[in-house]
Amino acid sequence: MGKDTVKQVAQNRKARHDYFIEDTWEAGIELCGTEVKSIRLGNVNLKDSFCAVKDGEMFLYNVHISPYEQGNIFNKDPRRTRRLLLHKREIRKLQQRTQQDGYSLVPLSLYFRGPRVKVELALARGKKLYDKRESAAKRDAQREMDRALRGRGRYE
């Protein structure tokens, strides 16, 4: 594997459904060895996870990394809080943006960039119920148009 090889491990599909994605960042994540092995096997769940700034550091909450099967006493708690690795100015900028009304930091995906585990963070604004309905209606309309275009080309 090259240095710039990216291997997707987990995605948070619910985040794109529940939030408007404003901007994205890439952050490193502080892990122990058995957690990395478990991530390589794909035993990760990003559902209901979020990020927050505490004492000038960024932390990732509610990410479930299953214990490594061949692990031993070094296995950690699956839902423990993990520190994210960002530059101080990036952390300050994100903290200021999240203090604004309605903004959250949500992990979108977890992947390997070369040998390192990275997290794609999104600065997101929560959708209301009517926004979700509107998004679903647009998606269904687009699907119908694609279906109609595909169907017409096939039988003519």
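1. Let me begin in a loop: Asp 55 is found between S4 and S5, where helices (H or I, at least four residues) and strands (E, at least two) are DSSP runs numbered from the N terminus. Asp 55 is not a glycine, yet has a positive phi of about 55°. The residue is exposed, at a relative accessible area of 75%; the classes are buried under 20%, exposed over 50% and partly exposed in between, with a 1.4 Å probe and protein chains only.

2. A word on the ground rules: this is a predicted model, so local features need pLDDT of at least 70 and side-chain atom pairs count only at pLDDT 80 or more, while totals for chains, interfaces and linings use all residues. Residues are numbered from 1 along each chain as its sequence is written, and side-chain values use heavy atoms, without hydrogens or water.

3. With 56% relative accessibility, Asp 48 counts as exposed.

4. On to the interior. A nonpolar core here is a set of buried Ala, Val, Leu, Ile, Met, Phe, Trp, Tyr and Cys residues joined through side-chain atoms within 4.5 Å. The largest such core has 24 residues, and Val 44, Met 58, Leu 84, Leu 110 and Leu 121 have the most contacts inside it. At least two residues of this core come from each of strand S2 (19-29), strand S5 (57-61), helix H3 (88-99), strand S8 (103-113) and strand S9 (116-126). There is also a second, separate core of 5 residues, including Ala 15, Val 106, Leu 108 and Ala 124.

5. Which residues does Leu 110 touch, not counting those up to four places away in sequence? Among them are Val 9, Ile 39, Val 44, Leu 46 and Val 119, along with Gln 8 and Lys 118; contact means heavy atoms within 4.5 Å.

6. Now the cysteines. A search of the whole structure finds 0 disulfides, a disulfide being a pair of cysteine sulfur atoms within 2.5 Å.

7. For cavities, the search uses a 1 Å grid over the protein atoms alone: a cavity is a set of points where a 1.4 Å probe fits but cannot get out, and lining residues have an atom within 4 Å of a point. Points are joined across faces, edges and corners, and a volume is the space filled by probe spheres set on them. The count comes to 1 cavity of 30 Å³ or more, and the largest cavity has a volume of about 50 Å³. Helix H2 (residues 33-40) gives the most to its lining, with 3 residues. Other lining residues include Ile 65, Ser 66, Tyr 68, Asn 75, Asp 77 and Arg 82.

8. Finally, Ser 66, one of the residues lining that cavity. Ser 66 lies in the loop between strand S6 (64-65) and strand S7 (82-85) and is partly exposed, at 23% relative accessible area. Leaving aside neighbours within four places in sequence, Ser 66 is in contact with Ser 38 and Asn 43.

Technical notes
1 Å grid on protein atoms, 1.4 Å probe; cavity = no way out; pocket = protein on both sides within 12 Å on 5 of 7 lines; lining within 4 Å.
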